[in-house]
Every structure is written in C-alpha cells, then in structure tokens.
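Please report on the fold of this protein chain.

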Amino acid sequence: MSTTDKLTADEKALLEKMISGEVSLRKIEEYADKDGSAKLRRAYLEANKNISLDHVSTYTFDTETVAKKNIENLIGAVQIPLGVAGEITIKGDYAKGNYYLPLATTEGALVASVNRGCSIITKSGGATVRVFKNQMTRAPVFKFNSLEETKDFYDWVLLPETFDKMKKTADATTRFGELLEVQPFVSGNNVHLRLGFDTKDAMGMNMITIASEAITKLIADEKGVPCVSLSGNMCTDKKPTAINAILGRGKTVVAEARLKASFVQETLKCTPESMFDANYRKNLLGSMRAGALGFNAHAANIVAAIFLACGQDPAHVVEGSLCITEMDLADNGDLICSVTMPAVEVGTVGGGTSIATQQECLKLLGVAGAGAVPGENALALSEIVTAAVLAGEISLVAAQAAGHLARAHAQLGR
C-alpha cells in the first residue's frame, strides 16, 4: 500500500496542491501537524519519483520534537544496525567501571574488531584515560584598514581588562557556558579571535555561537570594528586542521593500556614486537609520508559508530580522525598502547542526544542528560569514546601484524 492510499480525503486534497506546486514541501506544516506533514512529503515524493518510501516511514521518535529541534522537511528515518562491544574496563577520572559500547555501523567486522580490543584491554587491567583540556572554540574574524589598526586591536585584546569585559559579556548569554580563553591570530590586516569556552554537558556550538556574537558586538561598540564572519575557520569546526591537532578542540583525551605479552599472543595471535613494528611503519611512517594530520589505523571508524549511536554530530568525526596511536615495548616485553585524541567534541544534552534511540544508548553508558556536577557526563563520554578508539586501534593493528585483515573482512564484512 502506497502512502497516498493511507491519506485522508483532506490530506489527499493537500497532496494535490503539493503536486500542482501551490504548496511547497517546506510550507506544508502550515496546513498539517509534523507527523502529517512528513506523511504528505513521503506521498509527494512517491508520486513524483514513482518509488516506495515504506521503510523510511517506520520510526519511534516524537515527530513534534524532532521536527522542531533536529531536522527540516522531515519525511521519516533511516535505520543503521546497532551492535555492542565489550565489556571494557575504563579507569578514568569521570568514566569508571565496565562499559558496553553501543556502535551503529554498516561495516561488517567493525564491532567484532572493537570487541576483541575491549577483551584484551579488560583482561590486561583496563584502559587508563585522562582529559587534558576542555574547550570548545569559535573564531570570529575582523578586518582592519591598516597594520597600525591591526596591531592596536591585537594589543587591546591581550589586555587583562579586555578579557574580563569579554568574559562578562559572553557569560551573560548562557546559564552554563563560560569563556576561558581568547587567542588572537594575525594574517595581514585580519585578526581571528579563537574563543575557548567550557560548555559543561553540551557539545556547545549553539551556545558559544550566541556568546561569540555578543563578544563581536562588544568589540564593535568598543573599537568600532565590525565582524566579517562569526566563524573565521580557525575554530576549526568540521574540517581537518593542524590547529585542532595542536591546540585541541572540545576535549583533548589520552587513553592507555598495558597489554601482557602472553595475552597478545593468545588473544591477538601475534607478538608485541610485530605490533610495535606494524604501528611504526603504518601509523607513524605511512601517515607522515602521506601528509596526514592523524596518525592512526581507523580511529574515525569507532568515533563515527559511537557518535551515530549516541546522538553526537557525525560531522565531528573529522576531528576524531586526528588521533595519534602509539605503541611501545616495555622492558619486560609487554606492549604499551595509547591513543591521543586532541579533539573529542561530545555532549550529553542538546542536539541529537534527546532522540529516544540515541538517549537509550547514552543510558547504556550511564551518561544520559546533565551530570550531577555540570559537565561530568560529557567528560565521561569523552573518556569512553577515547577508550573505544584504543580498543579499535589495538585490534586492527594486531590484525595487520598477524596478516589477518583480509580474512576477517572476508568472513565478516562481505
């Protein structure tokens, strides 16, 4: 049965207006509620393209909420298979205990690979994880008429009293956000201000965009300089950049595990020496030779899967790819593995975290919603994501060291 067959007489009349061009896909919500509008859009597309959209019509989220906060021109939902890896023992400052990792992916072998990494990490005593920096950034850009004006502005920005004014202005726009840092970067007669914020349990881009705009208005009033663009690309949002790799964005997190040599041989079917060699020649030399910003095997794979499962912004997988994977041999023959993630951009409130299925995945991790102490749930999630990346990196490097990569994909990924 087509979607049109399920319409009421009034809905069919609206559909005719859509087909004639009298009512657009965007305007249909002026005539119907959110759920009815989605149904009418599906009916229109089915008639226009002679296809069936039966599968995308099945979903459980609240259309009124999602259509208001998360998407425009709603027609339904796509489904991504959801698997679980673990348990993995995590010893963080915020994530402490054993965790099952929800991973949404269509790539066969990925969940199995992460699961294997979780197994040997847990068997070896767990992953130690620490957050080193916590700042979400926005970087407006300003243009000046001369180098003298540029230098005057630069010096003014660095004054302690200027930061105090900016902080008071920015903090007044949000209940939880807090301006932590202002860094000016000069290019000719242009100045980018990289503004760093603590956004607590929110990923925070909406929050800090509003706060940054307030700062640009303060600058216009104080210095008479209009803002050219509220985002001048030194933030840097959703693009692979050296500044994020060096200075960090969101949470900068490191995870480490010490794997016993006997466990490496039993579980991973290779040796610490072969993993050390494979990591050095692949992740370090190979990435350097390719001019990569990240030095890892497939960190973005794990970041993407857990981000999709937990309602994070999937475009921030780009920054997840900046991971550096290191493997060192201990004096007793054990293998010390670590991943450094300079830009883990996550939140447990806002965005896609309130959608029912994604919220269930956050509940599985024990980090849904705001933390008892503001910010602690998002920090815990960043530690979990980094530990998950460590598990994935260990497993894939081992598969390549043992020569098992193609076999695993043949068995699980075809």
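Helix 2 buries Gly-36, Ser-37, Ala-38, Leu-40, Arg-41, Arg-42, Ala-43, Tyr-44 and Glu-46. Buried means under 20% relative accessible area, exposed means over 50%, and partly exposed lies in between (1.4 Å probe, protein chains only). The buried residues of helix 2 pack against helix 1 (9-20). Contact here means heavy atoms within 4.5 Å. Helix 2 covers residues 34-49, 16 residues in total. From its first C-alpha to its last, helix 2 reaches 22 Å, close to the 22 Å expected at 1.5 Å a residue. That expected span is 1.5 Å times one less than the number of residues in the helix.

This is a predicted model: local features need pLDDT of at least 70, side-chain atom pairs count only at pLDDT 80 or more, and totals for chains, interfaces and linings use all residues. Residues are numbered from 1 along each chain as its sequence is written, and side-chain values use heavy atoms, with hydrogens and water left out.

**Overall figures**

The protein chain has 15 helices and ten strands. Both are DSSP runs numbered from the N terminus: helices are H or I with at least four residues, strands are E with at least two. Along its principal axes, the C-alpha trace spans about 75 × 70 × 45 Å. Of the 414 residues, 47% are buried. Among contacts with a separation of 6 or more, 72% come from residues 24 or more positions apart. The accessible surface of the chain is about 19,200 Å², and 52% of that belongs to carbon and sulfur atoms. These areas come from the Shrake-Rupley method with a 1.4 Å probe; for residues, only the protein chains shown count as cover.

**Strand pairing**

Strand 3 (residues 127-138) pairs with strand 1 (residues 82-92) in the parallel sense. Strand 3 also pairs antiparallel with strand 8, and antiparallel with strand 6. Two strands pair if DSSP finds at least two bridges between them.

| Partner of strand 3 | Sense | Bridges |
|---|---|---|
| Strand 1 (residues 82-92) | parallel | three |
| Strand 8 (residues 250-259) | antiparallel | seven |
| Strand 6 (residues 190-198) | antiparallel | three |

Individual bridges can be named. Ile-90 is bridged to Ala-127 in strand 3. Val-131 has Val-253 in strand 8 as its partner. Thr-137 meets Gly-196 in strand 6.

**Nonpolar cores**

The largest nonpolar core has 61 residues. A core is a set of buried Ala, Val, Leu, Ile, Met, Phe, Trp, Tyr and Cys residues joined through side-chain atoms within 4.5 Å. Those with the most contacts inside this one are Ile-88, Leu-101, Val-114, Met-275, Ile-384, Leu-390 and Ile-394. Helix 14 (residues 376-402) gives the most to this core, with 14 residues. Leaving aside neighbours within four places in sequence, Leu-390 is in contact with residues including Ile-121, Ala-127, Ala-255 and Val-339. Another core lies apart from the largest one; its 22 residues include Leu-195, Leu-218, Ile-219 and Val-225.

Gln-358 lies in helix 13 (residues 356-365). Gln-358 counts as buried because its relative accessible area is 17%. Its side chain makes a polar contact with the side chain of Thr-357 at 2.5 Å. A polar contact is a pair of N or O atoms within 3.5 Å; within protein, one must be able to donate a hydrogen and the other to accept it, and residues adjacent in sequence count only if both atoms are side-chain atoms.

Asn-279 sits in helix 10 (residues 272-290). Its relative accessible area is 1%, so Asn-279 is buried. Beyond four places in sequence, Asn-279 touches Leu-284, Thr-325, Glu-326, Met-327 and Val-397.

Ala-343 belongs to strand 10 (residues 335-344). At 3% relative accessibility, Ala-343 is buried too.

**Backbone exceptions**

Where are the cis peptide bonds? One joins Gly-86 and Glu-87, with omega about 15°. Glu-87 lies in strand 1. Another joins Cys-235 and Thr-236, with omega about -10°.

Asn-50 is exposed, with a relative accessible area of 71%. Asn-233 also has a positive phi, about 75°, although it is not a glycine. Asn-233 is partly exposed at 45%.
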